[in-house]
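Have the sequence and the 3D view open, try each task yourself, then walk through the solution.

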Amino acid sequence: MLFQVCLYFYCKFLWRCLKFVMRKLTGRCELQRICYSTKPGASRTMKIETSLRDSKSKLLQTSVSVHPDAIEKTIEDIMELKKINPDINPQLGISLQACLLQIVGYRNLVADVEKLRREPYDSDDPQHEEMLLKLWKFLKPNTPLESRISKQWCEIGFQGDDPKTDFRGMGLLGLYNLQYFAERDAAAAQQVLSDSLHPKCRDITKEETSKFSKAEWEKKRMDKAIGYSFAIVGINITDLAYNLLVSGALKTHFYNIAPEAPTLSHFQQTFCYLMHEFHKFWIEEDPTDIMEFNRVREKFRKRIIKQLRNPDMALCPHFAASEGLINM
C-alpha cells in the first residue's frame, strides 16, 4: 500500500516536471499542445478533460462542470490564466469550446438520464399512460388493445397483464427508450418483435433428412427458438445503455458523433443501435433457450465495451432512428 502511494506521488511529480519542460521547449501549455496535435473527436476531448480535471488550478478543475452558458466566459478566463493571446491563437478558443460543450453536455446527459430512471411509472399520470398506449400502437398497429389491463401485453414481451410492474428497475427510462425505438424505427422494431416471437428455422442436410421421420425432421428443423420477451429485453438493454453511460464508456461514442453537447436523443439512438445489434448477436449465439440470456448479454456487453475502448470508435447505426447521427 505504501509503495503504491509513493509510486503515485512520484509519477505525479514526474508528470508535472514533464509538463513544465514541454512548456519551456515548445512555448505552449498542455491545452495548446493537445488541441494542435490531436484530431477532433474523442481523442482530443478526453485528453482535454483529463488535463483540466487533473490541473492544480481551481478554474481549470471546475471548468468541466460549468453551466453551458458560462463556457465562453470560462474559456476567456482560461486563456487569460495561461497568458494566451486569443488574437494570435483563435483556433484554440474554438477547439476548447467544442471540447467543453461535449464534456459538460455528457455530464448533463447523465443527470437527465438518471432523472428519468428514478421516476417511477405512475398509472395515474395521463402522460405515462399515453406513452404506454402509444407503444402498443407503434408495435401492433393492426391489433387494437382490448383493455388497459390485458394479457395482450404479453404479445409485445411484458410479463403480465399490467406493464407498469416491469418498469420498476429502469423507471420511465425503459418506457422512453422502448417508445422511441418503436416510433422512430418502426420497421426494425416490428421485425425484432416478430422474430422474438417465432422459432428460427435452420437448414437440414440431406444426410439428416434420411435419419429422421417426418415428425422428427420437422422438430429438428424448428428446434432453435429465438424466444425472448421483446419489452423485457428492451428494459434490460436500457440498463446496459445506462451503465455504459454512467461508467463513462459511452464518452468515446458521443465525443465522436456529437459535434457539441450530446443529448437525450443521442442516448435513445444509441439504445436503438444496441437493441438492433443485440438481436443479431442473440441469433448468432444461437442459445438453447431464454435461460442463457444472462450469458449472452454479458458476452455482448464485453464486445461493446471492447469496441468503445478504441478512441476512434463510433457505434455507427445504419437505420432510420439514427439517420444523420454521425457528424465527424
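Accessible areas here come from the Shrake-Rupley method with a 1.4 Å probe, and for residues only the protein chains shown count as cover. The model is predicted, so local features need pLDDT of at least 70 and side-chain atom pairs count only at pLDDT 80 or more, while totals for chains, interfaces and linings use all residues. Residues are numbered from 1 along each chain as its sequence is written, and side-chain values use heavy atoms, with hydrogens and water left out.

**Exercise 1. Describe the chain as a whole: its surface, its buried share and its secondary structure.**

Step 1. Start with the surface: the chain exposes about 18,000 Å², and carbon and sulfur atoms supply 54% of it.

Step 2. Turn to burial, where buried means under 20% relative accessible area, exposed over 50%, and partly exposed in between (1.4 Å probe, protein chains only). Of the 328 residues, 43% count as buried.

Step 3. List the elements. Helices (H or I, at least four residues) and strands (E, at least two) are DSSP runs, numbered from the N terminus. The chain comes to 15 helices and two strands.

Step 4. Look at contacts, meaning heavy atoms within 4.5 Å. Among contacts with a separation of 6 or more, 65% are between residues 24 or more positions apart.

**Exercise 2. Work out which residues of helix α7 are buried, and where they sit around its axis.**

Step 1. Check the length. The expected span of a helix is 1.5 Å times one less than its number of residues. Helix α7 (residues 126-139) has 14 residues and reaches 20 Å from its first C-alpha to its last, close to the 20 Å expected.

Step 2. Pick out the buried residues: His128, Glu129, Met131, Leu132, Leu135, Trp136 and Leu139.

Step 3. Look down the axis of α7: these buried residues fall within an arc of 160 degrees, so they line one face of the helix. The arc is that of the directions from the helix axis to the C-beta atoms.

Step 4. Inspect the face turned away from the buried side, which carries the exposed residues Pro126, Gln127 and Lys137.

Step 5. Find the cover: α8 (171-184), α9 (186-197) and α12 are among what covers the buried residues of α7.

**Exercise 3. Now do the burial check for α8, and find what covers its buried residues.**

Step 1. α8 has 14 residues and reaches 21 Å from first C-alpha to last, close to the 20 Å expected.

Step 2. Eleven of the 14 residues of α8 are buried, so this helix is largely enclosed by the rest of the structure. Among them are Leu172, Asn177, Tyr180 and Phe181.

Step 3. The cover of these buried residues includes α6, α7, α9, α12 and α14.

Step 4. Follow one neighbour. Ala188 lies in helix α9 and is buried, with a relative accessible area of 16%. Leaving out residues up to four places away in sequence, Ala188 touches Phe181 and His276. The C-alpha atoms of Ala188 and His276 are separated by 7.7 Å, although these residues are 88 apart along the chain.

**Exercise 4. Find how many aromatic pairs the structure has, and describe the one between Tyr228 and Trp282.**

Step 1. Apply the rule: rings of Phe, Tyr and Trp (its six-membered ring) pair if their centres lie within 6.5 Å; planes under 30 degrees apart count as stacked, over 60 as edge-to-face and the rest as tilted. The whole structure has 15 aromatic pairs.

Step 2. Tyr228 and Trp282 pair edge-to-face, at 5.7 Å centre to centre and 85 degrees between the planes.

Step 3. Tyr228 lies in the loop between β2 (224-225) and α12 (230-247) and Trp282 in helix α14 (residues 264-285), so the pair ties together parts that are 54 residues apart in sequence.

Step 4. Tyr228 counts as buried at 5% relative accessibility, and Trp282 is buried at 1%.

Step 5. Widen the view: Tyr228, Phe278, Phe281, Trp282, Phe293 and Phe300 form one aromatic cluster.

**Exercise 5. Locate Lys83 and Asp286, and give the phi of each.**

Step 1. Recall that most residues other than glycine have a negative phi.

Step 2. Lys83, in the loop between α5 (71-81) and α6 (90-118), has a positive phi near 55 degrees. Lys83 counts as exposed at 75% relative accessibility.

Step 3. Asp286, in the loop between α14 and α15 (293-308), has a positive phi of about 50 degrees. Asp286 is partly exposed, at 30%.
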